[in-house]
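Let's take a walk through this structure together. Have the sequence and the 3D view ready as you read.

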Amino acid sequence: MSDSPSASFLPEHPPVTDWVHDFDHTDPVWTDDPFPIWETLRAASPVVHTERFLGCYMPTTYQAVKEIAYDTEHFSSRRVIVRDVRPEISARAPPITSDPPEHKPAKQVLLPPFTPDAMKRLEPRVRAICNELIDEFIADGHCDAAARYTKHIPVRAIAHMLGIPEKDGDLFIKWIHQILELGIKDENEMMSGVREMTGYFMAHLEQRKLAPSDDLISQLLRAKGPGGQPLTDEHVLGSLRLLLIAGIDTTWSAIGSSLWHLARTPADRERLIAEPALIPTAIEEFLRAYSPVTMAREVMKETTISGCPVKAGNMVLLSFPAANRDPAMFPDADKVVIDRKENRHAAFGLGIHRCVGSNLARMEMQVAIEEWLKRIPDFRLDPAGKVTWSEGTVRGPRQLPVLFGKNA
Amino acid sequence: MSKLRIRVDQDKCQGHARCKSLAPELFELDEYGNAHEVGDGTVPAGLEDKAWLAQTNCPEIAIEVTEE
């Protein structure tokens with residue numbers, strides 16, 4: 001931790017010249033197009049290392065990623081973001097930051113509200129959200145699909161589930177930006193985001209205690225932890241933090257990357273319009289090829305992964321996106337094959353930390369793509385605009401200018 | 001064609017629910033979203049392709065398909 005506020009502003013990272021020995025997932029080259037970099041790293045070794053981030057490994061193959069994801073003895077989830085600093089662990093977000101044996105009970109509390117059946121009940125609201133958003137820009141013939149569409153769908157859906165006003169979505173988006181993007185290099189931004197979010201949810205917790213309802217916050221307050229005791233406020237707050245942080249820019253990114261692909265690939269667009277039953281299969285392929293989420297672990301004990309020694313004290317950049325591009329696991333790994341038959345992609349993780357919101361994310365992606373294609377079947381990237389991508393842990397388009405209708 | 005039988009390994013299943021989505025006739029989910037084979041796992045005639053599809057899309061390799 002820093003001694004003074006100014007000391008927490010860390011210097012900008014020097015540009016990378018040697019990816020294999022000095023990788024940096026916040027480098028602008030990586031942000032713009034990580035795929036060739038992963039190929040280079042994978043050709044060098046199943047596990048590579050950088051001195052940046054106080055020491056960090058990255059598994060580059062599906063096999064190495066899987067070994068680490070399954071090994072909770074040597075790899076802890078107590079830190080799930082690779083950052084410049086390693087402050088004391090304070091704001092936990094169970095179960096994503098939990099290891100066994102605490103992990104299972106913390107996860108079981110969250111699973112029932114996110115089953116596919118529960119998501120079916122939420123689906124009509126998500127469909128309505130998508131159409132409300134499209135109504136706002138469809139007459140214009142152009143829009144930034146990230147700023148006007150993909151960004152708002154997950155945040156409104158999760159607000160609806162939690163029973164909080166959908167209009168508070170902009171606040172959530174600000175906190176997520178502070179924690180996941182600015183927070184990699186700036187401790188103050190991170191803590192300010194966490195503090196504001198905690199205050200906001202604490203107020204909602206107090207309200208639900210006085211007037212319980214059927215929303216997810218009330219369900220968590222009623223839930224029993226291990227030993228039959230109600231969850232502590234700290235635990236409920238942590239899980240709410242998780243749902244917000246993990247449930248928003250992730251799916252926003254996944255929907256955005258799917259639309260980006262479809263904007264550039266008329267043949268896939270036409271096929272999905274002709275065969276809407278293929279959309280779920282295509283969604284799985286978009287999840288594989290453009291997986292948004294990279295996780296992290298902390299090495300607790302020395303071990304070997306795919307024959308490579310890894311030492312305690314280092315972080316691990318657990319790149320499910322890179323695993324999903326491994327040609328040893330997926331034939332034509334660098335091609336988007338929307339009717340891919342065998343697809344054991346790891347976009348939602350592998351092992352005990354499988355994303356608790358995967359059914360929500362899939363439903364949101366499917367509905368968002370279906371509704372967009374129904375109303376905007378023909379669209380393309382705006383050559384006058386620029387597509388930009390988020391930096392760091394979650395990858396997806398943050399600016400996605402497209403033309404359609406009269407401009408298509 | 002020989003008869004197929006499926007089984008979900010409960011130690012491996014993490015609730016990705018890909019099987020339920022690809023072969024809803026053959027799998028059911030419990031309250032936590034983890035998958036179980038329907039009945040004794042016997043695959044009715046005509047659903048063999050779906051059984052294999054579920055097996056080859058499970059990220060945890062939790063589904064066993066045996067030919068009887």
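The paragraphs below go from the sheet to the helices and end with the chain contact.

First, some ground rules. This is a predicted model, in which local features need pLDDT of at least 70, side-chain atom pairs count only at pLDDT 80 or more, and totals for chains, interfaces and linings use all residues. Residues are numbered from 1 along each chain as its sequence is written, while chains are lettered from A and ligands numbered from 1 in the order in which they are written. Helices (H or I, at least four residues) and strands (E, at least two) are DSSP runs, numbered from the N terminus.

Let's start with an open sheet of 5 strands in chain A, ordered E1-E2-E8-E5-E3 with mixed pairing. Two strands pair if DSSP finds at least two bridges between them. At the edges sit E1 (47-50) and E3 (75-76) of chain A, each pairing on one side only. E1(A) runs antiparallel to E2 (residues 56-59) of chain A, and 4 bridges join them. In that pair, A:Val47 stands opposite A:Pro59.

Helix H4(A) packs on this sheet and touches E1, E2, E3, E5 (295-299) and E8 (315-318) of chain A; its direction makes about 125° with that of E8(A). Here, contact means that the C-beta atoms of two residues, placed from the backbone, lie within 7 Å. Axes are lines fitted to C-alpha atoms, for helices over the stretch in contact, and angles run from 0 to 180 degrees between N-to-C directions. H4 (residues 62-70) of chain A is mostly covered, with 7 of its 9 residues buried. Among them are A:Tyr62, A:Val65 and A:Ile68, as well as A:Lys66 and A:Glu67. A residue is buried if 20 or more other C-beta atoms lie within 10 Å of its own, exposed if 12 or fewer, and partly exposed in between, with C-beta atoms placed from the backbone.

Strand E12 (residues 401-404) of chain A is covered on both faces: A:Pro401 and A:Leu403 on one side and A:Val402 and A:Phe404 on the other are all buried. In a regular strand the side chains alternate between the two faces of the sheet. E12(A) runs antiparallel to E4 (residues 142-144) of chain A, joined by 3 bridges, and A:His142 stands opposite A:Leu403. E9 (residues 379-381) of chain A also pairs with E12(A) in the antiparallel sense, over 3 bridges, placing A:Leu381 opposite A:Val402.

Now for two helix pairs. H8 (residues 152-162) and H9 (residues 169-181) of chain A pack at about 115°, with their axes 9 Å apart. H8(A) and H9(A) are therefore roughly perpendicular, a term for angles of 65 to 115 degrees; under 35 counts as roughly parallel, over 145 as roughly antiparallel and the rest as oblique. The contact involves A:His152, A:Val155, A:Arg156 and A:Ala159 of H8(A) and A:Gly169, A:Phe172 and A:Ile173 of H9(A).

H13 (residues 249-264) and H17 (residues 358-375) of chain A pack at about 35°, with their axes 10 Å apart. Residues that meet there include A:Ile255 and A:Leu259 in H13(A) and A:Met365 and A:Trp372 in H17(A).
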